[in-house]
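Please look through the sequence and the model below before reading on.

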Amino acid sequence: MNSVQELLAASVISIQNSCFVYPACQNCFSRLILDSRRFSCLKCGCTGEAKDASYRYRLSLKIADTNDLFDITVFGSCLDPFFGVTAENLQRYIQGFNQLSGGPNTESSTRALVQAVETCFIGKRFIFGV
């Protein structure tokens, strides 16, 4: 599954979602179901305390080469250099910002993060392993 079949040089046209990190199962990398105290993985059955959940990057993009448009999703630590931190640390920063700004209203932190990601990626050309 990690083998690269082909390299594709393409430009990012748009960001397809505003959620760039997700709680990930350490066994199968599926999205975890979180409640206030526990997490569980619906795919492999892994469970644990919510505070111990790990996070992973997931960036969905619309890209274009000279001939076609593609929807792709980039996962994992290959995005660390672009964000400047691991997904774990970015999630901590987001949570800290939300606590400092007075509660569960995440709209301002989400808007700022989306704007930063759009600035860094849209219009830029990358080589993708597909």
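**Strands, a helix and a core**

β6 and β7 pair in the antiparallel sense over seven bridges, where helices (H or I, at least four residues) and strands (E, at least two) are DSSP runs numbered from the N terminus, and two strands pair if DSSP finds at least two bridges between them. This is a predicted model, in which local features need pLDDT of at least 70 and side-chain atom pairs count only at pLDDT 80 or more, while totals for chains, interfaces and linings use all residues. Residues are numbered from 1 along each chain as its sequence is written, and side-chain values use heavy atoms, with hydrogens and water left out.

Between β6 and β7 the chain turns through a hairpin of four residues, and Leu59 stands opposite Val74 in β7. Elsewhere, three strands form an open sheet in the order β3-β4-β5, with antiparallel pairing; its edge strands, each pairing on one side only, are β3 (33-34) and β5 (47-49). Strand β4 (residues 38-40) is joined to β5 by three bridges, and Phe39 has Gly48 in β5 as its bridge partner.

The helix α3 has 15 residues and reaches 21 Å from its first C-alpha to its last, close to the 21 Å expected at 1.5 Å a residue, the expected span being 1.5 Å times one less than the number of residues. In α3, Ser109, Leu113, Val114, Val117 and Phe121 are buried, meaning under 20% relative accessible area, whereas exposed means over 50% and partly exposed in between (1.4 Å probe, protein chains only). Seen down the axis of α3, these buried residues fall within an arc of 130°, so they line one face of the helix; the arc is that of the directions from the helix axis to the C-beta atoms. On the other side of α3, Glu107, Gln115 and Thr119 are exposed. The cover over the buried residues of α3 includes β1, β6, α1 (80-83), α2 and β8, with contact meaning heavy atoms within 4.5 Å.

The largest nonpolar core has 25 residues, and those with the most contacts inside it are Leu61 and Phe128; such a core is a set of buried Ala, Val, Leu, Ile, Met, Phe, Trp, Tyr and Cys residues joined through side-chain atoms within 4.5 Å. Two or more residues come from each of β1 (7-15), β6 (54-64), β7 (69-75), α2 (87-100), α3 (107-121) and β8 (125-129), and the largest share, five residues, comes from β6. Apart from this core lies another, of five residues, among them Leu32, Phe39, Cys41 and Ala53.
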